[in-house]
Amino acid sequence: SKGSEVALNKLQEVFPALEIISVSGNYCTDKKPAALNWIEGRGKSVVCEATIPAKVVKEVLKTNTHALVDVNITKNLIGSAMAGSVGGFNAQAANIVTAIFIATGQDPAQNVTSSNCLTILEATGENGDDLYISCTMPSIEIGTVGGGTVLEAQGSMLDLLGVRGASAETPGAHACTLARVVCGTVMAGELSLLSALAAGHLVRSHMRHNRSSININMGQGGSLGHRHSVSPHSNGHLAVSPHV
């Protein structure tokens with residue numbers, strides 16, 4: 001924004017009749033879906049890839065390569081195309097991007113553009129049983145200087161990754177490294193979710209790991225069906241006694 005403002009003021013000096021309406025004209029396009037960013041890129045453009053041996057696919061991911069490829073084509077490619085998606089040819093890139101952005105002091109709203117991702121899965125290897133996976137993310141808006149990166153908790157995460165602040169040797173190198181971390185983690189998340197879908201484990205996993213196991217019964221009038229009284233013990237601990 002500062003650079004744009006300086007440039008506009010300079011143009012106005014050269015062309016006095018120039019009317020400055022806004023420092024931003026939305027052509028950027030920041031924090032909004034846009035084909036421009038998907039095609040031309042914005043911020044950092046990263047491609048991450050890996051080859052997963054068939055043994056790992058079977059024993060760790062609990063599925064097989066051909067099932068994973070089929071799920072990716074049907075869900076991430078065909079399904080997203082039918083929905084008219086722009087940059088949304090992935091399973092859950094936004095989950096990973098937003099989590100890392102909050103943890104490292106980025107602007108969470110920029111997950112809109114930064115989550116643009118194309119996930120590709122192919123069968124590979126001598127017998128066609130190994131899995132090739134790649135994630136292409138053309139518009140990761142990320143940095144390691146200023147903004148929320150100055151907060152202590154977020155800065156400590158950047159320290160952990162070795163990318164806090166500006167790189168003394170190569171300007172911009174820390175931001176590039178952090179963008180690679182984002183893309184690599186997104187790829188891991190894609191592999192995890194697609195495997196759960198292919199194996200039919202998604203709902204069961206959610207019910208086991210992402211739902212409360214405590215059953216709270218509501219009584220009449222919206223009050224809790226069970227009440228508890230709390231009294232101090234002589235040893236300093238609290239005793240909780242249920243009452244109906």
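Mentor: A contact is a pair with heavy atoms within 4.5 Å. The model is predicted, so local features need pLDDT of at least 70 and side-chain atom pairs pLDDT 80 or more, while totals for chains, interfaces and linings use all residues. Residues are numbered from 1 along each chain as its sequence is written, and side-chain values use heavy atoms, without hydrogens and water.

Trainee: What share of the contacts with a separation of 6 or more comes from residues 24 or more positions apart?

Mentor: The protein has nine helices and six strands (DSSP runs numbered from the N terminus: H or I of at least four residues for helices, E of at least two for strands). Among contacts with a separation of 6 or more, the share of residues 24 or more positions apart is 60%.

Trainee: Which angle do helices α4 and α8 make where they pack?

Mentor: Helix α4 spans residues 65-82 and helix α8 residues 173-199, and their axes are 9 Å apart. Axes are lines fitted to C-alpha atoms over the stretch in contact, with angles from 0 to 180 degrees between N-to-C directions. The two helices are therefore roughly perpendicular (65 to 115 degrees), the angle being about 100 degrees.

Trainee: How do the residues of the contact of α4 with α8 divide into nonpolar, polar and charged?

Mentor: Helix α4 contributes A67, L68, V71, N72, K75 and N76. Helix α8 contributes E190, L194, S195, L197 and A198. With Ala, Val, Leu, Ile, Met, Phe, Trp, Tyr, Cys and Pro as nonpolar, Asp, Glu, Lys and Arg as charged, and the others, Gly among them, as polar, the division is six nonpolar, three polar and two charged.

Trainee: How far from C48 is the nearest cysteine sulfur?

Mentor: A disulfide requires two cysteine sulfur atoms within 2.5 Å, and the count by this rule is zero. C48 is accordingly in no disulfide; its nearest cysteine sulfur belongs to C183, at a distance of 4.9 Å.

Trainee: Is C135 buried or exposed?

Mentor: C135 is found in strand β4, residues 130-140. Leaving aside neighbours within four places in sequence, C135 is in contact with residues including C48, C117, C183 and E190. Its C-alpha atom is 9.7 Å from that of A188, 53 residues away along the chain. Since buried means under 20% relative accessible area, exposed over 50% and partly exposed in between (1.4 Å probe, protein chains only), C135, at 0%, is buried.

Trainee: What is the C-alpha distance between L131 and N64?

Mentor: L131 also lies in strand β4 and, at 0% relative accessibility, counts as buried. Beyond residues up to four places away in sequence, L131 touches, among others, I52, V57, L68 and L191. N64 is 67 residues apart from L131 in sequence, yet their C-alpha separation is 8.7 Å.

Trainee: Which residue does a cis peptide bond join to C28?

Mentor: The omega of this bond is about -10 degrees.

Trainee: What phi does K31 have?

Mentor: K31 is found in the loop between α1 and α2 and is partly exposed, with a relative accessible area of 34%. K62, in the loop between α3 (54-59) and α4, has a positive phi near 60 degrees. K31 is not a glycine, although its phi is positive, at about 65 degrees.

Definitions and conventions: Parallel < 35°, antiparallel > 145°, perpendicular 65-115°, else oblique.
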